[in-house]
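The sequence and the model are shown first, followed by notes on selected features.

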Amino acid sequence: MKANKDVTIAICLIAILAFSPVASFAQASTTFSGRAAALRASAVGIALAVSDTGPLPASGGSLKTSVASVNVLGLVSADVLTSATSGSGSSSQSQSSIQSLSLLGGLVTADLVKSNSGASCSNGQASATGNSQLVGLVVAGQPVLAVNPNLAISAPGGISVIVNEQTSSSGGNTGSTTVNALHVTGPSLDIVVASAHSDITCP
């Protein structure tokens, strides 16, 4: 009887040791999310998504995409549209940029529009940050120099332009941020230029 009991105890101990590391590893994993798009636009009869990485897998990795140029008469023209998103270790980050931008027949123009976002873990706590870079931005003939977050500008024709649009949240072990360098809306119109999203869930 004693021998049988010893065998049973040994089998139980082996099972515990075999499965415990797997459970611990699963509990300690960091999960990621991210996406970047140089241009998303919808107007009457038109829907565009240009240089869009698509969503980053929860396990992380890296996604990149680029388009040499885009030209939709009366809506948008631009060159060198690039986007990237990645996640590994204790951080995730996304970037998007676009050059020689012209929207709505020149109502909004810029030499360079760029966005960055990032989320990271430190001692189990999550944080998220983001920013935009806009060079040579002109809205309705007026140069725009300030790029403070969520700067709203009204333009003719019921058009609204939000510069450096940012939304973020962080608390405990999760952090998330989205930066849209430009967000143009109007009657039956929605255009997002240089969008970068990052979020993370810490173990």
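## Nonpolar cores

How many residues does the largest nonpolar core have, and which of them have the most contacts inside it? The core has 33 residues, and those with the most contacts inside it are Leu-101, Val-113, Leu-137, Val-161, Leu-182, Ile-191 and Val-193. Strand 13 (residues 189-201) gives the most to this core, namely four residues. Another core, of eight residues, lies apart from it and includes Phe-32, Leu-56, Ala-128 and Ile-200.

A nonpolar core is a set of buried Ala, Val, Leu, Ile, Met, Phe, Trp, Tyr and Cys residues joined through side-chain atoms within 4.5 Å; buried means under 20% relative accessible area (1.4 Å probe, protein chains only). Strands are DSSP runs of E, at least two residues long, numbered from the N terminus.

## Basis of the model

The model is predicted: local features need pLDDT of at least 70, side-chain atom pairs count only at pLDDT 80 or more, and totals for chains, interfaces and linings use all residues. Residues are numbered from 1 along each chain as its sequence is written, and side-chain values use heavy atoms, with hydrogens and water left out.

Five bridges join strand 10 to strand 11 (residues 159-171), and Ala-152 stands opposite Ile-162 in strand 11.

## Disulfide

Cys-121 and Cys-202 form a disulfide (sulfur atoms within 2.5 Å), with their sulfur atoms 2.0 Å apart. Cys-121 lies in strand 6 (residues 108-122) and Cys-202 in the segment after strand 13, so the link ties together parts 81 residues apart in sequence. Cys-121 is buried at 15% relative accessible area, and Cys-202 is buried at 4%.

Methods
Buried means under 20% relative accessible area, exposed over 50%, partly exposed in between (1.4 Å probe, protein chains only). Two strands pair if DSSP finds at least two bridges between them.
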